[in-house]
Amino acid sequence: MSNPLGESEFLEKNAALVYNLALRLTGNASDAEDLAQDALLRALKALPSFRGDSSASTWAYRITVNTWKNRVRSEKRRGFWKTVSLSLFDGGEEEGGTPREFAAEEPAAGQALETAETGALVQKALLGLDEESRAVVVLRELEGQSYGEIAEALGLPEGTVKSRLFRAREALKETLKRKAA
Amino acid sequence: MAHEKEALSAYSDGELKDPARRQELERHLAACPDCRAELEELRAISKMMGSLPRAELPAGFRQRLENRRRAEAEAEPARTTFLPVPMRALAFAASSLIVMVVAYEGLREKPAMVPSTALLSGSASGLAAPMEQKAALSMGADGNSAGAPLGEKAAEAPRFDNTALNRELESQKAKLGVRVLPRSLRAVRGSSGGGAGYADEDEQPAETQRLQAPPAPAPVEGDTVGLLAAVEEAAPMRRYAAKAETAVPAPRAFSGAAGKNAPPGAVARSASELKALWALMRPELPAPKDTDFSKDMVVVLLAQGELLAVSEQGGRLVARFRLGPGAPESKRFLVVPQSPLPVVFSPNR
């Protein structure tokens, strides 16, 4: 538990997790790489002081979400925060309506298309959520974190995680239903 | 109802931890098809979310991370290895003290720049140009005092009077290689050509009057101190020489040209001009002998250096010269055929 975690071991286990979280939070590959790198740099700097009270991945998620929230805040302050609108994805139909990072993942063509469509749909719905809700949903649904871990990662009480997750799911359901209709 | 739905959401996540609460919800679910449908939807959403593919790290991600790390580490020491805050405060205090001391000393020095002590102390920097001119004007044609060492009396009793000032001026001029034309040769500008001649016409020697007779175009700026040769091999001299390139016409005879436009040489077209000119040069300078002024004239470089050639170009005589020490004194003049053309001194490149 209190064994100091080596840098390369930390990166080996967490870089991809952090990148995937960043990808779901930002919705595009280049912002995701920026965010993931910022977060990992901060994590590496703070690694000597990491005491292992939570799992390293929860700790890394927390840093990633905080880094992301700071970026969103400062971008909003500067007034050019652009929430990726749903219409951006609607308008992207000529590329199969699929953000590039989802496209080439599945081997079977037919299934890949279906998965890609679902992926695009879900990502779009995620981006329609406010930042706090998005973080909660991503950590729960994509990263499989427990409420306790999410509370830890986001610095929220567990009760808040629970209610926020519920509201986020309601919003997602609405978006997906509308889209399916 | 919302409360129940929130419990369903937690239940679907396996996060409804209170066993009693969980059992209660399960009993309700068994009886309520709506809540069962709601639970199905929640699970479907979770499944959809979970179906999002995991992305691999982009190629080169780790390398780029490493690069950024190294760049930040390189930028870091500049900040972290700087003095800690208490030391910085100390350094600031120390440098402030130095500034104050220097400023105080500077202010203390300043009153000493007043002529009384500055001039008599022999400080070259204490000799301001306007002062020099004023002093030169007031001292008359007393060429003999040139180079006179500073009197002991003056040194022991620093006092601002004309005699002491003139002595100091002469000693400074000797040091700097500045020569002042004898008054008899100073004014080439006719009294008609600007009213800047002598106050007392009778005082002018015949020679000067002869020079003035055909009022020559006067390139001379001012008529006060005749600086014929400034500090040799000094930067001002080089600038002065460069100015000469811009075709400042030499006067008919040598003229007491003051200021930066003065040519670094002169022309003697008669024996008397030559004699007067030589009086200005150092005595050890060999004079050209037996010049026949009915056919020839003498072009002289007043600055230290070598007069290379005199040739006619475009209606004027161009005297090429090279400044600098090392050339024999005899190279400072050339005997050339008499010519009424203006002489231009031009540094050789």
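Two strands are said to pair if DSSP finds at least two bridges between them, and in the predicted model described here B:Arg320 has B:Ser346 of E6(B) as its bridge partner. Because this is a predicted model, local features are given only at pLDDT of at least 70 and side-chain atom pairs count only at pLDDT 80 or more, whereas totals for chains, interfaces and linings use all residues. Residues are numbered from 1 along each chain as its sequence is written, while chains are lettered from A and ligands numbered from 1 in the order in which they are written. Helices (H or I, at least four residues) and strands (E, at least two) are DSSP runs, numbered from the N terminus.

**The two chains**

- Chain A contains nine helices and zero strands, so that, read from the N terminus, its elements follow the order α-α-α-α-α-α-α-α-α.
- Chain B, in turn, has 13 helices and six strands.
- A residue is called buried if 20 or more other C-beta atoms, placed from the backbone, lie within 10 Å of its own, exposed if 12 or fewer do, and partly exposed in between; by this count 40% of the 181 residues of chain A are buried, and 25% of the 349 residues of chain B are buried.
- Two residues are in contact if their C-beta atoms, placed from the backbone, lie within 7 Å; in chain A, 64% of the contacts with a separation of 6 or more involve residues 24 or more positions apart.
- For chain B, 67% of the contacts between residues at least 6 apart in sequence join residues at least 24 apart.

**Contact between the chains**

- The contact draws 32 residues from chain A and 27 residues from chain B, and on chain B helix H1 (2-12), helix H3 (33-50) and helix H4 (61-80) each contribute at least two residues to the side that touches chain A.
- That side of chain B consists of twelve nonpolar, four polar and eleven charged residues, where Ala, Val, Leu, Ile, Met, Phe, Trp, Tyr, Cys and Pro count as nonpolar, Asp, Glu, Lys and Arg as charged, and the others, Gly among them, as polar.

**Helices**

- In chain A, helix H1 (residues 7-26) and helix H2 (residues 29-46) pack at an angle of about 140° with their axes 8 Å apart; axes are lines fitted to C-alpha atoms, for helices over the stretch in contact, and angles run from 0 to 180 degrees between N-to-C directions.
- The residues that make this contact include A:Leu11, A:Ala15 and A:Val18 of H1(A) and A:Leu35, A:Ala36 and A:Ala39 of H2(A), and by class the contact residues divide into 13 nonpolar, one polar and two charged.
- An α-helix has 3.6 residues a turn, so residues three or four places apart point the same way.
- In chain B, helix H9 (residues 162-176) has 15 residues and reaches 20 Å from its first C-alpha to its last, close to the 21 Å expected at 1.5 Å a residue, the expected span being 1.5 Å times one less than the number of residues.
- Among the buried residues of H9(B) are B:Leu165, B:Glu168 and B:Leu169.

**The sheet E3-E4-E6 of chain B**

- This open sheet of three strands has mixed pairing and the order E3-E4-E6, with E3 and strand E6 (343-347) as its edge strands, each of which pairs on one side only.
- Neighbouring strands of the sheet are turned by 25° against each other on average, direction ignored.
- Strand E3 (residues 305-313) and strand E4 (residues 316-323) of chain B run antiparallel and are joined by eight bridges, with B:Val310 opposite B:Ala319 in E4(B).
- E3(B) and E4(B) form a hairpin with two residues between them, and B:Gly314 in the turn has a positive phi of about 55°.
- E4(B) and E6(B), by contrast, run parallel and are joined by five bridges.
- B:Ala309 lies in strand E3 of chain B and counts as exposed because it has 12 C-beta neighbours inside 10 Å.
- Although B:Ala309 and B:Leu334 are 25 residues apart in sequence, they are 7.7 Å apart in space, C-alpha to C-alpha.

**The sheet E1-E2-E5 of chain B**

- Three strands form this open sheet in the order E1-E2-E5, with antiparallel pairing, and its edge strands are strand E1 (265-268) and strand E5 (333-337), each pairing on one side only.
- Helix H13 (residues 271-280) of chain B packs on the sheet, touching E1 and E2, and its direction makes about 145° with that of E1(B).
- Strand E2 (residues 296-301) of chain B pairs with E5(B) in the antiparallel sense over five bridges, and B:Val300 stands opposite B:Phe333 in E5(B).
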